[in-house]
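Hi,

Here is the structure I promised to send over. Have a look at it first, and then read on for what turned up.

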Amino acid sequence: MKYCSFDIVFQEVPGEITLALNITNCPIHCKGCHSPHLWEDAGEVLDEEELRRLIDLYRGEVTCVCFMGGDADLKTIESLCRVAREEGVKTAWYTGRQAFPQSMPIEIWDYVKVGPYDEDLGGLRSRKTNQRFYRIEQGKMVDITERFWR
Ligand code: SF4
């Protein structure tokens, strides 16, 4: 699995300062995708060592790591999520899948966004959006999408 860039962001995960990693090789191919460059299998390898290095760079500054994508390689996303937890940060995943995959343990995540981008309905900041944003509380998905509408 590879990533092409990262950002420190404040709005993608409410209440968190987030290291957001832009994962490539996206298999979802939403019409109107804001980042079609993420469809290509390009960028740097994101493995355990690289993730620990990135978290170390911003230790004490970020409270959360968010994987933007990664839908093509669920096993790697799961294992990197566990690495981030070991490093003491919260974990978030923006998946473009229609539903949270049954093979993925929910309890390892603190936040998940589920749903492809639909250009007629808009992203999370649109009240019409099909996408849902959840906080995970004791293994339960609590829909907090409305936090993006304030
Ligand atoms: S999931 Fe995200 S990156 Fe992938 S095609 Fe849809 S909008 Fe683009």
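This is a predicted model: local features need pLDDT of at least 70, side-chain atom pairs count only at pLDDT 80 or more; totals for chains, interfaces and linings use all residues.

In which sense do strand 2 and strand 4 pair, and over how many bridges? They run parallel, with five bridges between them; two strands count as paired if DSSP finds at least two bridges between them. One of the links is N22, whose bridge partner in strand 4 is M68.

Residues are numbered from 1 along each chain as its sequence is written.

Now the overall layout. The protein chain has two helices and eight strands, in the sequence pattern β-β-β-α-β-α-β-β-β-β. Helices (H or I, at least four residues) and strands (E, at least two) are DSSP runs numbered from the N terminus. The C-alpha trace spans about 40 × 35 × 30 Å along its principal axes.

The eight strands make an open sheet in the order 3-1-2-4-5-6-7-8, with mixed pairing. Strand 3 (44-45) and strand 8 (140-143) are the edges: each has a single partner strand, so one side of each has no neighbour in the sheet.

Strand 4 also pairs with strand 5, again in the parallel sense and over five bridges, and V65 has T91 as its bridge partner there. Strand 6 and strand 7 are antiparallel and joined by four bridges, with Y111 opposite R135 and V112 partnered with Y134. Strand 7 and strand 8 are antiparallel too, with four bridges, and E137 stands opposite K140. Those two strands form a hairpin with two residues between them, and Q138 in the turn has a positive phi of about 50°.

Which residues touch the most other members of the largest nonpolar core? They are L21, C66, F67 and A92, in a core of 29 residues. Such a core is a set of buried Ala, Val, Leu, Ile, Met, Phe, Trp, Tyr and Cys residues joined through C-beta atoms within 7 Å. Strand 4 gives the largest share of this core, five residues. Beyond its neighbours within four places in sequence, C66 is in contact with E12, V13, T18, A20, L21, A92 and Y94; contact means C-beta atoms, placed from the backbone, within 7 Å. Over the whole protein chain, 29% of the 150 residues count as buried.

Last, the ligand. The residues around the ligand are C26, I28, H29, C30, C33, H34, S35, L38, G69, G96, P116 and Y117, counting any whose C-beta atom, placed from the backbone, lies within 6 Å of it. By class, this shell has seven nonpolar, five polar and no charged residues. For those classes, Ala, Val, Leu, Ile, Met, Phe, Trp, Tyr, Cys and Pro are nonpolar, Asp, Glu, Lys and Arg are charged, and the others, Gly among them, are polar.

Cheers

Methods:
A residue is buried if 20 or more other C-beta atoms lie within 10 Å of its own, exposed if 12 or fewer, and partly exposed in between; C-beta atoms are placed from the backbone. Two residues are in contact if their C-beta atoms, placed from the backbone, lie within 7 Å.
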